[in-house]
Amino acid sequence: MASASSTSRRPTSPSCTSPRAPRLKSVFPMPMRRFPDTAPWLRLMVSTLCALVVAGCAMDQRQRRQAEESIAQGRLEEGMGDLARARSQRPDSVTLKVGELSLRTQLVSELIDKARAAESAGRFQEASETLQRALTLEPANSRVQERLASLALAVTQKDRLDQVESLASAGKSAQALALAEQALRDTPAHPGLLAAQRELRAKQREQEIASSQSSLAEKRPISLDFRDANLRTVLDVVSRSSGLNFVLDPAVKPEIRVTVFLKNTPVEEALDLLVNTHQLAKKVLDSKTVLIYPATPEKQKEHQEQVVRVFYLANADVRAASNFLKAMLRVKDPYVDEKSNVLALRDSKENIMLAEKLLAVFDANEPEVLLDVEVLEVTTNRLLQLGVSPPTTFSLTPLPTTPITTGQSSSGSSGSTATGITLYDLLRNVDSRHVQASVGGITVNAKSSSGDVTTLANPKLRARNREKASVMIGDKIPVVTSTIGTGGFVSESISYQDVGLKLNVEPTIFPNDEVAIKMALEVSTLGAAVKSSGGSTAYQISTRNATTVLRLKDGETQLLAGLLSRNRESSKTGWPGLSEIPILGRLFADHQDVNNQTELVLAVTPRVLRNVRQPLAHEAETWVGTELSPRLRPYGGVSVAPAAEEASPKPKAQQSPEASQAGSPRPSTPTAESVTTAGSFKLQLLGPTQVKSGQTFDVQLALESPLPMRGLPAEVSFDPARFGFVDAMEEPFFKQGGAETKFSKTIDASSGRVTLGVIRIQATGAQGQDKVATLRFKALDPSDGAEIRVTRAIPLTLEAPAPAQPLPAPLLVKVLP
């Protein structure tokens, strides 16, 4: 019964990771007794069980491969559904469990990547559908849920960006900017919203600059004639005559008396004179309202507007720029960031404008020069050997005469015979026949040799102004030094000595393209080794040095030569006495002369790559007002002369009762004429007079102006049937002094019109003669002549638009076939 109970146990199902059938001892770990009656059916049961296990594992592998094939063909849900159904039928299958988990993870990651790509391309609907499919596969996946939330925010931001663009196109820049900044709080790195914000801020900046330029609406001149009048009376008359409103600070003293005689002076100039001569200051609140307050530090802190401006310096050192501003202007200590070379300034608008103009001149290009150095070491060898080398040796050798027998051998044969010299031969048989005489040979020498060896080094060094540069061409020779310490301990230290060509230069570049070069040249060669008494090894080093200061023009070459090293040797070999005979002594002696010479030649050629630009007269000279009231002023500190008064009599303003009591005359009313700017400008169209059909050509718009100009809006027309417009590029007229500009172009190709606009961002002007813009056209059909003309041009000065001037003559271009 015990054996029967043992055989009735069901074996545990093994893992499906291996298709091999388990061995019997894994099913029956304990030894079994053989029962002849039960052994056949037991073996049959085990075999059947193993077959079922192998079949189950093979089915699991097949179902997993079928699911992978369905997913690879794009039937994601079908493949994962088949795998899930197979898993529900066989929950204990490790193959199906591992396969389902790995495929689900891989599939969710691929769907997330696909959704991200669709979102980046702006296909939000496709991205949403893809993420929903991923969420169906794994509802608790946090990555999918985060991507869905990010996608919803992206859709919202896209709608906000469309609203911003709509508001901007409708001219509601302020609302558009507010909406863009509100949207950027959710996604600060949104590229579309950032671009819209930058564009809107640039437009807002232009509007602010334009409004700040026209500080007061009243531009007409005014005439004032008061003698010891009250300030309030004068301001009341100015207000009635010009329509300006005045607000007086309570600290303005009521007893201030004014004496002023002005004729045809702009209103703003007249107010500046009034406040500056009575220790007062003004602040323009709007185009028709002016605040008058005492010019004390406390009141300036209370009323004076502060501006923060950040300057990014391209060339100048930020510390030097800070010291420059503090020395030139009464500004507070600027904040400097040496790492980014940034200077930040917080001060009044007038000081900021002055600092901007001064830094535009100070931040000049750093001069650089390329030094073309050529070092030649010319070694010349000369050898002259001439004469007769006579015999210098004579020898006598005795020859053997008697043969010598060495004796018999042990076998009884006779011994061998050898030749040699015996004492008997030397004493008895030596005669002239048995003595050999040897005399040295005679050599006639006629030899001359020469050799020129040139070693060339041609380094090119690029160095900044007043910065050192060096080059070393050679080897580092180790020098061992021994040191004996306490107890007889010996330590060695190794140092290295440079041997070869060493060149140090320090250029100084001047504005006239001349370069002063401080040079130090050293050429060293390794000599013999020297052993010290302590066993250390040192080397003999021969050196040649040259130190000089040169001043050369750009491209000029200077040669430095004369560093010579000569070695001459003369030797004579001959017979004593006979070799000393004049002339004939050459027959009895050999003369040898050796002449070695080494010369060092240095050629230096500076080539200026970048130099500091000489500022123009209006850039180098800036009028900054008074010490107490600094501000940007025109040349000479005097405003532009107003227009002459009309010949007709002008009406007088009514005199106030207070003015009558003061005994002052009535002030004149402002003239009806507006202020005109002295000087004129000249425009030109420059380009070819004939081109070939299909050829691209350029037409330049050039401006010549004696007055500082800040901008130029212009319109150019052309025949669209004869020319095709390609592009328009800005030229350097308004970029003088490195100023930042804004250049715009609008093309109407159908009507043949191009509208150009360029303005300096800074409140400074450019003057002189240069090109403003280049227009590129393409010739179309042949014609005898087609015009390109300027139809409108209004150059803008710092104060007001320039007076109208004649437009330039049209450019007539003939198109050849």
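Biologist: Is Asp 236 buried or exposed, or partly exposed?

Modeller: Buried means under 20% relative accessible area, exposed over 50%, partly exposed in between (1.4 Å probe, protein chains only). Asp 236 has 29% relative accessibility, so it counts as partly exposed. This is a predicted model: local features need pLDDT of at least 70, side-chain atom pairs count only at pLDDT 80 or more, and totals for chains, interfaces and linings use all residues. Residues are numbered from 1 along each chain as its sequence is written, and side-chain values use heavy atoms, without hydrogens and water.

Biologist: Which side chain meets Asp 236 in a salt bridge?

Modeller: Side chains of opposite charge can pair when their charged atoms come close. The cut-off is a side-chain nitrogen of Lys or Arg within 4 Å of a carboxyl oxygen of Asp or Glu. Here the partner is Arg 240, at 3.3 Å, N to O. Both lie in helix H10 (residues 231-242), 4 residues apart, about one helical turn. Helices are DSSP runs (H or I, at least four residues), strands likewise (E, at least two), numbered from the N terminus. Arg 240 is exposed, at 59%.

Biologist: Which residues are linked in a network of salt bridges?

Modeller: Asp 249, Lys 299 and Glu 302. Lys 299 and Glu 302 come to 3.4 Å, N to O. Lys 299 is buried at 18%, while Glu 302 is exposed at 52%.

Biologist: What does the pair Lys 476 and Asp 498 tie together?

Modeller: Lys 476 lies in strand S16 and Asp 498 in strand S17, so the pair ties together parts 22 residues apart in sequence. Their closest N and O atoms are 2.8 Å apart.
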